[in-house]
Amino acid sequence: MCYAVPVIMFIDDVSGNVSKQWNKHHVVYASNANLPREMIEKEFSVKFVSLSPHASPIELAKAVCDSINSAAQNGVEAWDCKYDEEVLLLPYGFLLGGDNPMQAEECSHKGLGCNFFCQTCKVGGTKAHKASEEGFLELFSEGPLRTPHETEAEIRRQLSMSVLPGAQSKVDSARQATGVWDSGFHSIIHTLIEMGKQLRKARPDNSQASEDAMRKQLETELDRLLQPHSVDDWINPLLGLAGVNIHMDTPTEILHTVLLGVVKYFWGQTVHVIKKAKSLALLEARMESLAVHGLNLPAFVPAYICHYRGGLNRKHFKSLAQVMPFLIHDLVPQDVLDGWNVIGELVVLLWHTSIEDQEVYLAFFIFLYGVALSHCCCRPIYLGPFKTFSILLQNVHQAFSSPSQNFTS
């Protein structure tokens, strides 16, 4: 008997110190996506794969991809204790979890700070275009989807630009126009650009080598930098991992995008409004009197939440998303209250542990997303376009994979 085993990979940066001093390490974990949610959440179902303080995430990913490809080709012999027989396991990549910056690096993408800020599609544009009415509206709908093949071709194009005259401006323009940025080739491209600048400087005797000679010298240096490998070996291995479309199989990470993104900023601005009206003590009193039985909340400590309102974490924001409308109904403007109402519904949808009817779920999700925009557009500081676009992308990922709760950190 043969079993296909879909593998969820999670790559993140962690501290290697017990103390609070940051000592950056990159770590890789893996889970079996075949397991039910109740099991996949257990600590013993998350397997340690690799860790390094020196290797980059892409270098670790290459080793993991090689292991998966080898196991998929040869199979892994195991014993099925339920049916009392020997079986063959065939693993394959299913999706990659991680926070937004890590997923951008996995997709060879520049991240939320570039003109085309999405690693899944090509939404965005120049600063002037995004500031226009038409460009701003485009930020709240999906653009043409990215493909691994196009991304790989763009990486190769940027590498070939690095030996040309004016390489710095050419490469920068290409990255701004596409959002493609590969961490594996970044140091090589930078080295070639700096070497090209030195070669093209005028010498004291005003002599200068021909352009063909300089380009040949740069290409020789490129071959030396790649040794003992080729360009194919340096390309992001996740772009060619069998069974994985890296742009589609990096689901939006809802912890940082929603709780520590939208809810956090909405909470901060709401507290500002309440504090300005000198009603913060009343808010705390209402929190103290709130009946939280049946809400499945962790320890809810109003005094801590109000005193350390700028330093809250995930569990606080998840609790606040459920109870805020009952606490501030007469303390804030109506549009702020409406915003909290729809945020509460969105959080419930995003943390669904099972979806019975996917079409109904996605339709209701898109409806709530539109309502959230309509309530918050008059106060744009509450919901930035990048965060709301990431929430919109969640419906795309829900359509291709399991509920968000199954791959959030």
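Visitor: What should I know before I start looking?

Guide: The model is predicted, so local features need pLDDT of at least 70 and side-chain atom pairs count only at pLDDT 80 or more, while totals for chains, interfaces and linings use all residues. Residues are numbered from 1 along each chain as its sequence is written, and side-chain values use heavy atoms, with hydrogens and water left out.

Visitor: How many helices and strands are there in the protein chain?

Guide: The protein chain has 17 helices and five strands, where helices (H or I, at least four residues) and strands (E, at least two) are DSSP runs numbered from the N terminus.

Visitor: And how much of the chain counts as buried?

Guide: Of its 409 residues, 45% count as buried, a word that stands for under 20% relative accessible area, with exposed meaning over 50% and partly exposed in between (1.4 Å probe, protein chains only).

Visitor: Which residues touch the most other members of the largest nonpolar core?

Guide: They are W267, L283, M287, I328 and W340, in a core of 42 residues. A nonpolar core is a set of buried Ala, Val, Leu, Ile, Met, Phe, Trp, Tyr and Cys residues joined through side-chain atoms within 4.5 Å.

Visitor: Which helix gives the largest share of this core?

Guide: That is α11, with ten residues, and a second, separate core of 38 residues includes A30, I68, V180 and I246.

Visitor: Back to W340, what is it in contact with?

Guide: Leaving aside neighbours within four places in sequence, W340 is in contact with V263, F266, W267, T270, L320, A321, M324, P325 and I328, where contact means heavy atoms within 4.5 Å.

Visitor: What kind of aromatic pair do F266 and W340 form?

Guide: The count comes to five aromatic pairs, and rings of Phe, Tyr and Trp (its six-membered ring) pair if their centres lie within 6.5 Å, with planes under 30 degrees apart counted as stacked, over 60 as edge-to-face and the rest as tilted. F266 and W340 form an edge-to-face pair, at 5.1 Å centre to centre and 85° between the planes. This pair links distant parts of the chain, with F266 in helix α11 (residues 254-276) and W340 in helix α15 (residues 334-350), 74 residues apart.

Visitor: Are those two buried or exposed?

Guide: F266 is buried, with a relative accessible area of 0%, and W340 is buried, also with a value of 0%.

Visitor: What about Y304 and Y308, what sort of pair do they form?

Guide: Y304 and Y308 form a tilted pair, 4.8 Å centre to centre with 40° between the planes. Y304 counts as partly exposed at 36% relative accessibility, and Y308 counts as partly exposed at 44%.

Visitor: New topic: at what angle do α14 and α15 pack?

Guide: The angle is about 145°, with the axes 8 Å apart; axes are lines fitted to C-alpha atoms, for helices over the stretch in contact, and angles run from 0 to 180 degrees between N-to-C directions. On the α14 side the contact is made by L320, A321, M324 and P325, and on the α15 side by L337, W340, N341, I343, G344 and V347.

Visitor: Last one, where does A104 lie?

Guide: A104 lies in helix α3 (residues 100-106) and is buried, with a relative accessible area of 3%. Not counting residues up to four places away in sequence, A104 touches H109, G111 and Q119.
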